[in-house]
Amino acid sequence: MSQLFPSPSRDLVAGLPVMDRFTELHAALHDFTRRRDWGQYHDPKSLLLALVGEVGEVAELMQWTREADVRADLSQGDGKAQISDELADVLMYLMLLADAVDVDLIEATHAKLERNEARFPTSQRQGNAPSHARHPRGIGR
C-alpha cells in the first residue's frame, strides 16, 4: 500500500526522501499555476469549491457500486487511471487551499495526529471506530 508519509524506516520512495518528493511536488504545482497566471483565481473560497468538486468526482467513481466491485474496478486498468487522476486533483487543490490560508499541511497533520492520539487512546479505542453519537462535535474537531 502506498503511503504519503511512510515511517522513517521506509523514508525513500522512488529513490528520493519522501519530504523531498513532497517539496518537489509543491514547487511543480506552483510553477504550473504561475506560468498560466492562475494564482489570481486561487482565493480560499474558489479553491475550496474546486476541491469539493474533485472529491465529488472521486465519489462519482464509487456511487451506486457495491464495495467489492469498487475495489475491483479501481484497482486496475482504466478504473485505476481514473481514481489516480481524481485523487491527484484532490491533492493539488488541497495543497493550493492550504497555501491560500497559510497552513503547512505537514505540520498541521502531525499536530492533528498528536491531538487524535490523546483523544482516542488505543487502550480505549483499538478496534472500535469513533462514534459520532459519542462525539457530538464530530470526529474532525
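How many aromatic pairs does the structure hold?

## Aromatic pair

The structure holds one aromatic pair. The ring centres of Phe32 and Trp38 lie 5.5 Å apart and the planes meet at 75 degrees, so the pair is edge-to-face. Rings of Phe, Tyr and Trp (its six-membered ring) pair if their centres lie within 6.5 Å; planes under 30 degrees apart are stacked, over 60 edge-to-face, and the rest tilted.

Phe32 is partly exposed, at 33% relative accessible area. Trp38 is partly exposed too, at 37%. Buried means under 20%, exposed over 50%, partly exposed in between (1.4 Å probe, protein chains only).

## Arg36 over the rings

The charged end of Arg36 sits over the ring of Phe32, 3.6 Å from its centre. Arg36 also lies over the face of Trp38, 5.9 Å from the ring centre. The criterion: NZ of Lys or CZ of Arg within 6 Å of the ring centre and within 35 degrees of the ring normal.

## Helix 1 and helix 4

The axes of helix 1 (residues 18–35) and helix 4 (residues 77–100) come within 11 Å and cross at roughly 85 degrees. The two helices are therefore roughly perpendicular (65 to 115 degrees; under 35 is roughly parallel, over 145 roughly antiparallel, the rest oblique).

Phe22, Leu25, His26, Leu29, His30 and Thr33 in helix 1 meet Leu91, Met92, Met95, Leu96 and Asp99 in helix 4. Contact means heavy atoms within 4.5 Å.

## Basis

The model is predicted: local features need pLDDT of at least 70, side-chain atom pairs count only at pLDDT 80 or more, and totals for chains, interfaces and linings use all residues. Residues are numbered from 1 along each chain as its sequence is written, and side-chain values use heavy atoms, leaving out hydrogens and water.

Key: Axes are lines fitted to C-alpha atoms, for helices over the stretch in contact, and angles run from 0 to 180 degrees between N-to-C directions. Helices (H or I, at least four residues) and strands (E, at least two) are DSSP runs, numbered from the N terminus.
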